[in-house]
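Please look over the chain below before reading on.

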Amino acid sequence: MINPVHEHSSKWEYIGHRLMKSCDLFKLCDIDRSDADAEQPFVTCLKDQELYGMITFILERMNEVDAAARQLWQEKGGEQAPVPLDYRERELEYFRLQIEKTDRYRSSELYNAEFIDEQAEGYETLQGVFVTLTRALHYLFGEIRSRYGRADQTFLGKMKSQYPEYVELLNFAQQRGRLNGRSKRSYKPVEDAPVLRIHLNNEQFDELYRELCKFFDADEHEELKRLLRGESIDRKIIFLSNQNRLVEVFRRLKYNGFLFETSTEIRNWLCSNFMYRSKQGDRKLNPHSVWDILSKAKGEPSPRSRICKFEWLQYKTQRS
């Protein structure tokens, strides 16, 4: 691996910062490398120094956001400032939520909070900006892991020294989804999982069930049938392909009139009952990506990757 920490480090930091200022974080973070039909993410063509420079840019922007939150905290009385009980030990997050996202954070795609539910608390505040930056940080570390298995330790040491408040965040981003082969399958009971009512006749139900069964292990077919019938199960089942192929089916069921739940309810149901299989192992559905597909058609599979292509389940573009 090329060591990014050297006497000319300001040069690669400058290049990385320039790249981050001009990039669309949605395009940066939403493409799944494991999807054979996905376009090649532009970060796969970047040099190591450029990737590391982009990480330093993310950390600097996080620091700016938190500096604004700390200033407001001090203005409100510092340690004596009234903070809701739920935010004790998370005061910075609380004060990020109190600062509205200004034009400065709307001037670039970099700061658009595309990875936080539009209905979620904090979407239009600096907390939404922080969530977006966090997702970008994880993606960049993920690209480094895909190349080498882990990030350069000298670089990590420098970043932890320079940004001690983000040590835990850096550790998590570095270790998340480490390339160590397919993960062992383990399940936890799903407590209070939501149910979904799909309004199909018997013929339509059988056709949908038969097609979806192709993407699940045989020992999970009964659980799949129960879910489609509006019942609950006690463990998550594994969709044997990319998550966007599964989610897009339920987007089509909704706009074709077979589902009446909101996008939020459908997202919660999918995330509570399914996982998907990637090259890194069995993974949870990403609620932000699921929401984007259901509500905005962002990240939908290509036409040839779409599944459950029935005459009664027609595809429609977002525009139509």
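In which strand does Arg277 lie? Arg277 belongs to strand β2, which covers residues 274-278. The model is predicted.

Is Arg277 buried or exposed? Its relative accessibility is 18%. The cut-off for buried is under 20%, so Arg277 counts as buried.

The Arg277 side chain also has a polar partner. It makes a polar contact with the side chain of Asp282, at 2.7 Å.

## Helix α12 and its ends

Helix α12 runs over residues 287-296 and is mostly covered. Of its 10 residues, 7 are buried. These are Ser289, Val290, Trp291, Asp292, Ile293, Leu294 and Lys296.

Asn286 caps the N-terminal end of α12. A side-chain oxygen of Asn286 lies 2.9 Å from the backbone nitrogen of His288. At the other end, α12 is followed by Ala297. The phi of Ala297 is positive, near 65°.

## The second largest pocket

The second largest pocket holds about 550 Å³ of space. It is lined by 20 residues. Closest to the pocket centre are Glu93, Arg96, Phe130, Glu165 and Leu169.

Which helices each supply at least two lining residues? They are α3 (48-75), α4 (91-96), α5 (126-148) and α7 (167-175). Helix α5 gives the most, with 5 residues. By class, the lining of this pocket has 9 charged, 8 nonpolar and 3 polar residues.

Terms used
Residues numbered from 1 in each chain as written. Predicted model: local features only at pLDDT ≥ 70, side-chain atom pairs only at ≥ 80, totals over all residues. Heavy atoms only, no water. Helix = DSSP H or I, 4+ residues; strand = E, 2+ residues; numbered from the N terminus. Buried < 20%, exposed > 50% of the residue type's maximum accessible area, 1.4 Å probe, protein only. Polar contact = N/O pair within 3.5 Å; in protein donor to acceptor, adjacent residues only side chain to side chain. 1 Å grid on protein atoms, 1.4 Å probe; cavity = no way out; pocket = protein on both sides within 12 Å on 5 of 7 lines; lining within 4 Å. Points joined across faces, edges and corners; volume = space filled by probe spheres on them. Nonpolar A, V, L, I, M, F, W, Y, C, P; charged D, E, K, R; others polar.
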